Amino acid sequence: MKLTVVGCSGSFPSAESACSSYLVEADGFRLLLDMGNGALGELQRHIGLYDLDAIFLSHLHADHCIDMCGYFVARYYRHEGGRCDALPVYGPEGTEHRLTTAYADTPSPTSMSEVFDFRTLKPGTFDIGPFSVRAERVAHPVEAYGIRLEHEGRTLAYSGDTGVCEPLHELADGADLFLCEASFTYGKEDIPDLHLNGREAGAHAERAGAGRLVLTHVPPWTDADRNLADARAVYRGPAELAVSGAEYDI
C-alpha cells in the first residue's frame with residue numbers, strides 16, 4: 001500500500017495544508033479517505049481528477065467532507081467525455097442528504113446519486129477494491145468511523161475524529177502505520193468523546209503495538225511540535241507529524 005497525505009489540517013485549512021484527506025493506493029486501485037476543505041485542489045497534485053476508484057468519508061463534519069460538493073460539479077458537469085459514472089462513496093447514514101443540503105442548488109434532489117454511488121457505513125468488515133476493510137464507530141459528537149485497511153499482510157489504521165475509545169485500539173492493533181488525530185493539547189483541553197491530544201494518541205499507539213505513528217488533524221491554533229513530544233513521551237516507536245504531500249510505503 002502507498003499512503004499520500006493530501007491534507008492534514010484539523011478544523012479548517014492552515015497556510016500549509018488543506019483539511020483531512022488521504023490517498024491510499026494498491027494494485028492500481030485508488031481510495032480516498034475523507035475530502036475536507038481544500039482537498040480537491042491538492043488531490044490534483046497527485047492524481048487526475050477522475051482517477052479515484054472509491055471514497056470513504058469518516059464523518060460528515062465539513063473539514064472531512066465539504067469538498068465533495070466541488071467534486072460533484074467536476075463529475076456532474078464534465079464537458080469532455082460526458083457525465084461520470086457513479087463512484088462508490090462510503091459514508092455514515094444521511095451522507096447524500098448532507099452533501100445535497102451543503103451544495104443547496106443541485107438540479108434535482110437525486111443529482112448527487114447520479115455521479116456518487118452512496119453506500120451507508122455500518123460497523124463491520126467488508127472489501128473496497130483490493131483492501132480488506134474494518135470500520136468501527138468511534139467517539140465523536142456525530143456518527144463517525146475509524147477504518148482499518150489490510151492488503152497483502154500490511155495494515156493501515158486511520159482514526160478519523162475521535163476521543164479515547166476501545167474501538168480505536170481494536171482498529172490500530174498491530175497496524176504497520178497508525179494515522180491518528182491529535183487535535184487537543186495535553187493538560188489544556190479535556191473534553192471527552194470529541195478529540196485526542198498527542199499523549200492520548202501516543203498511548204493508543206503504544207497499547208496497540210503499532211509499528212509507526214503519524215499524527216494528523218492538528219488545528220492551526222494547536223502547537224503541533226508539543227503534541228508530537230507528548231506522543232513520543234509514551235510511545236516507543238517512530239512518531240512524526242503528517243505533512244501535506246508526504247508519502248508512505250506500507
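**Helix crossing, cores and salt bridges**

Biologist: At what angle do the axes of helix 7 and helix 8 cross?

Modeller: Helices (H or I, at least four residues) and strands (E, at least two) are DSSP runs, numbered from the N terminus. Axes are lines fitted to C-alpha atoms, for helices over the stretch in contact, with angles from 0 to 180 degrees between N-to-C directions. Helix 7 (residues 198–208) and helix 8 (residues 224–232) have axes that come within 7 Å. The crossing angle is roughly 35 degrees.

Biologist: What kind of model is this?

Modeller: Residues are numbered from 1 along each chain as its sequence is written, and side-chain values use heavy atoms, leaving out hydrogens and water. Local features need pLDDT of at least 70, side-chain atom pairs count only at pLDDT 80 or more, and totals for chains, interfaces and linings use all residues: this is a predicted model.

Biologist: How many residues of the contact between helix 7 and helix 8 are charged?

Modeller: G198, R199 and G202 in helix 7 meet N227, D230 and A231 in helix 8, with contact meaning heavy atoms within 4.5 Å. Asp, Glu, Lys and Arg count as charged; Ala, Val, Leu, Ile, Met, Phe, Trp, Tyr, Cys and Pro as nonpolar; the others, Gly among them, as polar. One residue of this contact is nonpolar and three are polar, leaving the charged ones at two.

Biologist: Which residues touch the most other members of the largest nonpolar core?

Modeller: A nonpolar core joins buried Ala, Val, Leu, Ile, Met, Phe, Trp, Tyr and Cys residues through side-chain atoms within 4.5 Å. Buried means under 20% relative accessible area, exposed over 50%, partly exposed in between (1.4 Å probe, protein chains only). The largest core has 30 residues, and those touching the most other members are L31, L33, F131, L149 and L156.

Biologist: How many residues does the other core hold?

Modeller: The other core lies apart from the largest one. Among its members are I55, L60, Y71 and F116, and its size is 24 residues.

Biologist: How far apart in sequence are the parts tied together by K122 and E93?

Modeller: Their side chains meet in a salt bridge (3.8 Å, N to O), the term needing a Lys or Arg side-chain nitrogen within 4 Å of an Asp or Glu carboxyl oxygen. K122 lies in the loop between strand 6 (116–120) and strand 7 (124–128), and E93 in the loop between strand 5 (87–91) and helix 4 (95–103), so the separation is 29 residues.

Biologist: In the salt bridge of E150 and R148, which residue is buried?

Modeller: Their side chains meet at 2.8 Å, N to O. E150 is partly exposed at 35% relative accessibility. At 12%, the buried residue is R148.
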